[in-house]
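I record each look-up in turn.

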Amino acid sequence: MMGRREYDTTILLLAVVLTCLGVVMVYSASAIMASQRFSDGFYFLKRQGIFAVAGFLVMAACMRIDYHFWRRLTVPAMLSAVVLLTLVLIPGVGTQVGGASRWLRLPGFSLQPAEVAKIAMVLYLAHSLTRKKDKVKSFKLGFLPYMVVLGVVLGLLLGQPDLGSAMVIAGVAMAMLMVAGARLSYLISVGLLALPVLYVAIMQVDYRRRRIMAFLDPWEDPYNTGFQIIQSWTAFGMGGAFGQGLGEGRQKLFYLPEAHTDFILSVIGEELGFAGIIIIAAMFLVFCLRGLRAAVQHQDDYGRHLAFGLTFLIGMEAFVNMGVVMGLLPTKGLALPFLSYGGTSLLTTLFAVGILLNITSRNREGSP
């Protein structure tokens, strides 16, 4: 029998606070640009506000749905993700922006299939790892089928191209397999075999190679490939300890590209300072620790795998985005969970949080 407990209010509070802060910062980062581009300074604020409200409704619903329900939808979710990733590659169906075809244009909304694929992969792995249990130690019966499914998804993502999402999904999959008991030798072998592929995917593609060069020395080309990271550093530097004040940042005034999306943390650093960055980093850390605590304490295998996968997914995306905007990692097109502008990202993140909260509210009777 599964007993009901209270939801983890820490995870709930952190998700709400980060999302609300994200809405405020999206407006601060985009108002001037939206006024010039759409003649409406509230354009992105209104859209992000709608996404936030819809996301909270989705989260509230998922909090009340027994997480085992999603196990029945594993196959449809995985097939839907593959279909969406395929559709986005079809000329005339997928929407191309900046040379990448990553969106499906829907009435009043653009869907990013990569975000759906991330959740679908976690659901698939949680279900399959629970079903196979110790068979995951077998290469033929356990490990190899996962690599085939992962290879299909990664291949479709690289076709967009979306190397950032591909690496996140690969990282989450490897982490879930490792925690489930897959042999370390298999994981290391796959990692070594992937290195030449990763090298070709980066060094043989001009814009990716230039990104790596800019990461190593952005000052070599400060007005082109190194421009974005230099402007991000400038924003952090101008913010100092406590920031210029909310809405007072200058780098968002057409100096910092993608200020309201991938590089929103730079705007936060300039306006709220080092203190603001530390608080946000601490909130993500606490969120991840609480999610991992739920996974460790849960006695149901499926709940344990699912809680770990969802927590690791959100934590990895936050870590990579922060590393990119601070110049610690090469530039990748990954949103900062809860905070960056983007409907699909926010909706799927709050969907994941809702499932995680349901897991925290259920445990076997007599367990802590």
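**Aromatic pairs**

I find both Phe44 and Tyr341 buried, where buried means under 20% relative accessible area, exposed over 50% and partly exposed in between, with a 1.4 Å probe and protein chains only. I note that the model is predicted, that local features need pLDDT of at least 70 and side-chain atom pairs pLDDT 80 or more, and that totals for chains, interfaces and linings use all residues. Residues are numbered from 1 along each chain as its sequence is written, and side-chain values use heavy atoms, with hydrogens and water left out.

Rings of Phe, Tyr and Trp (its six-membered ring) pair if their centres lie within 6.5 Å; planes under 30 degrees apart are stacked, over 60 edge-to-face and the rest tilted. The ring centres of Phe44 and Tyr341 are 4.9 Å apart and the planes stand at 85°, so I class this pair as edge-to-face. Phe44 belongs to helix α2 (residues 43-64) and Tyr341 to the loop between α12 and α13 (343-360), so the pair ties together parts 297 residues apart in sequence. Helices (H or I, at least four residues) and strands (E, at least two) are DSSP runs numbered from the N terminus.

I then looked up Tyr67 and Tyr302, whose rings are stacked at 6.0 Å centre to centre with 20° between the planes. Tyr67 sits in the loop between α2 and α3 (69-72) and Tyr302 in helix α12, 235 residues apart. Both Tyr67 and Tyr302 are buried. I also record one aromatic cluster, formed by Phe38, Tyr43, Phe44, Phe51 and Tyr341.

**Helix packing**

I took helix α5 (residues 113-132) against helix α12 (residues 301-325): the angle is about 150° and the axes are 8 Å apart. Axes are lines fitted to C-alpha atoms over the stretch in contact, and angles run from 0 to 180 degrees between N-to-C directions. This makes α5 roughly antiparallel to α12 (under 35 degrees is roughly parallel, over 145 roughly antiparallel, 65 to 115 roughly perpendicular, the rest oblique). Contact means heavy atoms within 4.5 Å; the residues making it include Ile119 and Val122 of α5 and Leu306 and Leu310 of α12.

**Strand residue**

I looked up Leu111 in strand β4 (residues 109-111). Leu111 is buried, at a relative accessible area of 16%. Among the residues that Leu111 touches, leaving out those up to four places away in sequence, are Leu84, Trp103 and Thr344.
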